[in-house]
Amino acid sequence: MRYIGISASRYKVGLLPMRYLARVTPGLSTAILILFSICGINSCFFIIFTIFCHMFVVSFAIRSCVGMFIVSRELRRKHLNIGSNGYVSDDTNTLMAYEQRPLHAIFIPNYKESFDTLRETLSMLASHALAKIDYEIYLSMEQNEKAADTKAHTLISEYSKYFRHMSFTIHPSGVTGEATGKSSNINWATRSAAREIRSKNDHKRKYVLTIMDADTHLLPCYFESIGMYYMTTTDTNEYIMFIPPIVFDRNADAIAPIVRCADMLWSAAGIASLYESSRIITPTSVYSVSLSLAESVDFWDSGPEAIGEDLHMFLKCYFETDGRMKTVPIFSPASHCNVAPEVLNSGTLAWLSSSHKARFRQACRHMWGMVDSGYTIRRTVGLFVKFEENKDYSLPQYGDDKAVSGNLSNGFKFGSRISDYWRLLVLLHRMYEAHFLPLHYFIDVLACSILPIISNTSPSKLASSVLFYTAHLRTAAYIGVVIQTALYERFHASAVRLRRKVINSALSSTDLDDDGRDPLKHIPLFDRESAFYLIDYILFPIAGTIFGAIPALKTQILQFWTDNYNYEVSLKPSNRQRL
């Protein structure tokens, strides 16, 4: 297959200032906030911003508590009322008899992941009752990894007997216009799989594409819930994205406490909108989309703006479908590992330092997804102002086959049919929460604490009242996060209980042979029952600053100069070494 790089000279230069201004909007907003803070606490801008900033933080704390409560309640109600004789739910038997249940194309992107990590992931999927008849596994490899094809062939030889179909794709390196990362890998893999699916000419069954990480463990109830949705829904909308909560329940006892706390906050941020009445539900790492939706939006983007592949795909689907995309929460937790330190046996201080550095690098990568705020701004402006069709500089294209051609449909569509502007407003609010608020709140709290002391001007009566009441709002926000953490404890306990039940059922099942069962024996389950973990209730403000505000500041500064990021894969733990 040939690769064609498209020169930037083919496109209108007039859009580049808009693209740049949208990208640096978070940085500009921070600069403006600092400028007005310097002007003094009596300025109208500082007073108004302080009120709204604190209200946003309190509202997020409340929403995260509501989301955590609902997710935990639904998890127990739907998936923990199963009989004690193993994991075979009523949904499994019902779906077995439903001939029109969807087929699942499951993509496992990986780059230099260990065999142990991949075998655990595949064994978990292979243990599902529907795996052999409904699961099509695609190992999404990278050409840059030495002997990637050998690794894929080895795993296929071991696991293909457990699935309906199993194959691999190798994403080529050096494609002009592509950015290194999960999104470009998934873009290549899903296009290749779609071409393969179409060649089967099987139009009787719907396909659902599931995107996950190499270390993600999905339970059978995740796919069963998707199948039951298709079986019971009367909604004809085929533009659907399914989104589960994520939980860090495997190695949280083997990392620095502040890192564990940061990942709890990361999980809670996704769960904050994960309830059925939420207008905007954004994915975190793991999600599924209907093949119809993926094809209608021309699959995944793979340029610099798509480094936050999960959120970017959500945004692309939202705008490309004129806001008609439907998001469905699936109350089956997706298990993840915390990022592992590179140093394990070199003393406590070296271990803590390595753990913090690894998580900080991951936080910087997460915050680089701030480019999605620029993307959202451009697409929103494009709803009201007519622009030329936006063709990104040096966009990648892959040959002439329509199954794999075209990419990065970042263009504005003037005259969009978006009618639910309240949902659009909620989307903009969520983008502000994700990419602006962590740093804005940190700066505002700092200003509220320091300016009354160092300022030569006494606070006005209005400013004094604002400082007084916002201090109480900060206390309310802290209490809200404490409650959120307590609710996370409950959610975590339910998730571990469910996973233990599924794993024990798989180990006693005859569907897996000894080679398939063996990786499941080495999966750790982390219980938060020790009083030691009460330290998490104290550390989260520090974790939010170190792994939220500081990476956000670094990102905003760097994005004034570039939108390219040197993508590094986070190290996953080796569970066999721990045992």
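**A tour of salt bridges and a sheet**

Start by selecting K78 and E74: their side chains meet in a salt bridge (3.8 Å, N to O), a label given when a side-chain nitrogen of Lys or Arg is within 4 Å of a carboxyl oxygen of Asp or Glu. You're looking at a predicted model, where local features need pLDDT of at least 70, side-chain atom pairs count only at pLDDT 80 or more, and totals for chains, interfaces and linings use all residues. Residues are numbered from 1 along each chain as its sequence is written, and side-chain values use heavy atoms, leaving out hydrogens and water.

K78 and E74 sit four residues apart in helix α3 (residues 44-79), about one helical turn. Helices (H or I, at least four residues) and strands (E, at least two) are DSSP runs, numbered from the N terminus. E74 is buried at 8% relative accessible area, while K78 is partly exposed at 36%. Buried means under 20%, exposed over 50%, partly exposed in between (1.4 Å probe, protein chains only).

Next, pick D249 and R499, whose closest N and O atoms are 2.8 Å apart in a salt bridge. D249 is in the loop between β7 (246-248) and α10 (257-271) and R499 is in helix α17 (residues 461-507), so the pair ties together parts 250 residues apart in sequence. Both are buried.

Now show the open sheet: seven strands, ordered β4-β3-β2-β5-β8-β6-β9, with mixed pairing. Strands pair if DSSP finds at least two bridges between them. Which strands stand at the edges? β4 (165-171) and β9 (326-329) do, each with a single partner strand, so one side of each has no neighbour in the sheet.

Finally, select F107, which stands opposite Y138 in β3.
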